[in-house]
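Here are my comments on the model, as numbered points. Please read them with the structure open.

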Amino acid sequence: MTLETAIFVYFSAEKTGALIKFSLALAAFLGAMYFYRRQDAARGFFYVASFVLLSQILVGGTIFFRTDAQVAQLLLNMQSDLPAMVSREIARMTRVVMSFSTYRTMQLIFILIGLVMVAMGQRLQWQRSWGAGLGFMSLGAMLFGMDLLAAHRAAVYLQALSDATP
């Protein structure tokens with residue numbers, strides 16, 4: 001695969017991933033909003049879904065809307081000074097790949113908080129706690145899975161950059 005193809009594949013997948021995460025967070029939010037007045041547990045889920053949706057608007061929106069300009073700049077830099085572009089991009093992507101371990105740790109903490117809240121809600125009959133715990137577990141697991149895929153894409157792209165080193 002050429003470096004240009006690797007750039008297009010990686011950044012297109014990042015845009016798609018951001019859109020999928022946003023869509024799933026929006027669906028969880030809308031579902032919780034629908035049941036908000038009908039079930040106390042839905043209120044707890046709603047709070048977590050609201051937080052996750054807001055984070056996806058901020059993070060996913062940033063990724064989605066800056067990607068085209070980023071690709072254009074990379075392609076321009078590739079033509080004018082390939083070694084410098086590859087060096088800068090390897091440094092950036094190395095930081096990106098390393099940051100995924102932090103994200104996974106945070107998402108695992110989300111899932112663990114969810115487990116505790118579900119158990120506590122079940123034991124004490126606190127429906128909101130149960131619903132919030134379910135939100136932490138399900139949305140944390142969704143983010144964890146999506147970020148595993150993103151980390152793999154980043155590693156593949158980083159390898160393509162390393163292979164293109166002149």
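Predicted model: local features only at pLDDT ≥ 70, side-chain atom pairs only at ≥ 80, totals over all residues.

1. Next, the salt bridges. The whole structure contains 6 of them. One joins Arg-153 to Glu-14, with 2.8 Å between the closest N and O atoms. This pair links distant parts of the chain: Arg-153 belongs to helix α4 (residues 127–163) and Glu-14 to helix α1 (residues 3–35), 139 residues apart. Glu-14 is buried, at 12% relative accessible area. Arg-153 is partly exposed, at 22%.

2. Asp-68 and Lys-15 make another salt bridge, and their closest N and O atoms are 3.2 Å apart. Asp-68 is in helix α2 and Lys-15 in helix α1, so the bridge ties together parts 53 residues apart in sequence. Lys-15 is buried, with 19%. That value counts as buried because the cut-off is under 20%.

3. Lys-15 lies over the face of Phe-64, 4.7 Å from the ring centre.

4. Asp-40 counts as partly exposed at 33% relative accessibility. Arg-128 also counts as partly exposed, at 36%. The bridge belongs to a network: salt bridges link Asp-40, Arg-43 and Arg-128.

5. Follow Arg-43 from that network to the rings. Arg-43 is linked by salt bridges with Asp-40 and Arg-128. Arg-43 also lies over the face of Tyr-36, at 5.2 Å from the ring centre. Tyr-36 in turn is part of an aromatic cluster, joined through ring pairs with Phe-29, Phe-46 and Tyr-47.

6. On the aromatics overall, a search of the whole structure gives 12 aromatic pairs. One of them is Phe-46 with Tyr-47: edge-to-face, 6.1 Å centre to centre, with 70° between the planes. Why does this pair count as edge-to-face? The angle is 70°, and planes over 60 degrees apart are classed as edge-to-face. Phe-46 is buried, with a relative accessible area of 17%. Tyr-47 is partly exposed, with 41%.

7. Now the surface. Leu-54, Ile-57, Leu-58 and Val-59 make a nonpolar surface patch of about 380 Å². Ile-57 is placed in helix α2, residues 40–80. Its relative accessible area is 44%, so Ile-57 is partly exposed. Please look at this patch in the viewer.

8. One backbone angle needs a comment. Gln-125 is not a glycine, yet has a positive phi of about 60°. Where is Gln-125? The residue is found in the loop between α3 and α4. Gln-125 is exposed, with a relative accessible area of 56%.

9. Last, a distance for orientation. How far apart in space are Ser-12 and Gly-135, C-alpha to C-alpha? The answer is 29 Å, for a separation of 123 residues in sequence. Ser-12 sits in helix α1. At 41% relative accessibility, Ser-12 counts as partly exposed.

Technical notes: Residues numbered from 1 in each chain as written. Heavy atoms only, no water. Phe/Tyr/Trp six-rings, centres within 6.5 Å; stacked < 30°, edge-to-face > 60°. Buried < 20%, exposed > 50% of the residue type's maximum accessible area, 1.4 Å probe, protein only. Lys NZ or Arg CZ within 6 Å of the ring centre and 35° of its normal. Patch = residues over 30% accessible without salt bridge, like charges linked within 9 Å, V, L, I, M, F, W, Y side chains within 5 Å. Areas by Shrake-Rupley, 256 points an atom, 1.4 Å probe, with all protein chains shown as cover. Salt bridge = Lys/Arg side-chain N within 4 Å of Asp/Glu carboxyl O. Helix = DSSP H or I, 4+ residues; strand = E, 2+ residues; numbered from the N terminus.
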